[in-house]
Amino acid sequence: ADLEVLGTTPVKFFHWLAHQDRCWTATRLASRGLQHHPRCLLCDQDPETIQHLLLTCPFAKQIWHRTLDWTHIPAQTPANDTTLMDWWLRAKAQTPPMLHKALQSITLLVPWMI
Ligand SMILES: [Zn+2]
């Protein structure tokens, strides 16, 4: 796979934003009194927090599942109560060292694509 995009600014900037929960999710728009949808537009189940969008949304889970399958990484998909960092640490422990680089790549790329 072509992973050259990893080193580029948009991916790093996105993760910096996501880490600080500064993406314009619905909950953040609401806190500013801006117009928003009460629920995630992808699943219509839960409020659109950054954790929901990247980890617990059924659509996100499906993308994680397929990507892990495609890259042959034997880690579980993100669970309901973890942050991306929690998941990454758990996934790393479940993944053989030779696949750690691939795991790191998808940990950066999947949230950015979602
Ligand atoms: Zn959702």
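Start by selecting H4 and H6, two helices that pack at an angle of about 145°, with their axes 11 Å apart. Helices here are DSSP runs (H or I, at least four residues), numbered from the N terminus. Axes are lines fitted to C-alpha atoms, for helices over the stretch in contact, and angles run from 0 to 180 degrees between N-to-C directions.

This is a predicted model, in which local features need pLDDT of at least 70, side-chain atom pairs count only at pLDDT 80 or more, and totals for chains, interfaces and linings use all residues. Residues are numbered from 1 along each chain as its sequence is written, and side-chain values use heavy atoms, with hydrogens and water left out.

**Stop 1: between H4 and H6**

Show the side chains of Ile63, Trp64, Thr67 and Leu68 in H4; they meet Ile106, Thr107, Val110 and Pro111 in H6. Contact means heavy atoms within 4.5 Å. By class, this contact has 6 nonpolar, 2 polar and no charged residues. Ala, Val, Leu, Ile, Met, Phe, Trp, Tyr, Cys and Pro count as nonpolar, Asp, Glu, Lys and Arg as charged, and the others, Gly among them, as polar.

**Stop 2: Thr67**

Is Thr67 buried or exposed? Thr67 is buried, because its relative accessible area is 12% (buried means under 20%, exposed over 50%, partly exposed in between, with a 1.4 Å probe and protein chains only). Leaving aside residues up to four places away in sequence, Thr67 touches Ile106 and Val110.

**Stop 3: the largest pocket**

Next, select His15, His19, Leu84, Met85 and Thr107, which lie nearest the centre of the largest pocket, out of 15 lining residues. Helices H1 (9–19), H3 (50–56), H5 (84–93) and H6 (100–113) each give two or more residues to this lining. H3 supplies the largest share, 4 residues. The lining has 8 nonpolar, 6 polar and 1 charged residues. On a 1 Å grid over the protein atoms alone, a pocket is an open set of points where a 1.4 Å probe fits, with protein on both sides within 12 Å along at least five of seven lines; lining residues have an atom within 4 Å of a point.

**Stop 4: two loop residues**

Finish with Asp44, in the loop between helix H2 (26–31) and H3. Its phi is near 60°, a positive value in a residue other than glycine. Asp44 is exposed, with a relative accessible area of 58%. Then go to His72, in the loop between H4 and H5. The phi of His72 is also near 60°, and at 64% relative accessibility His72 counts as exposed.
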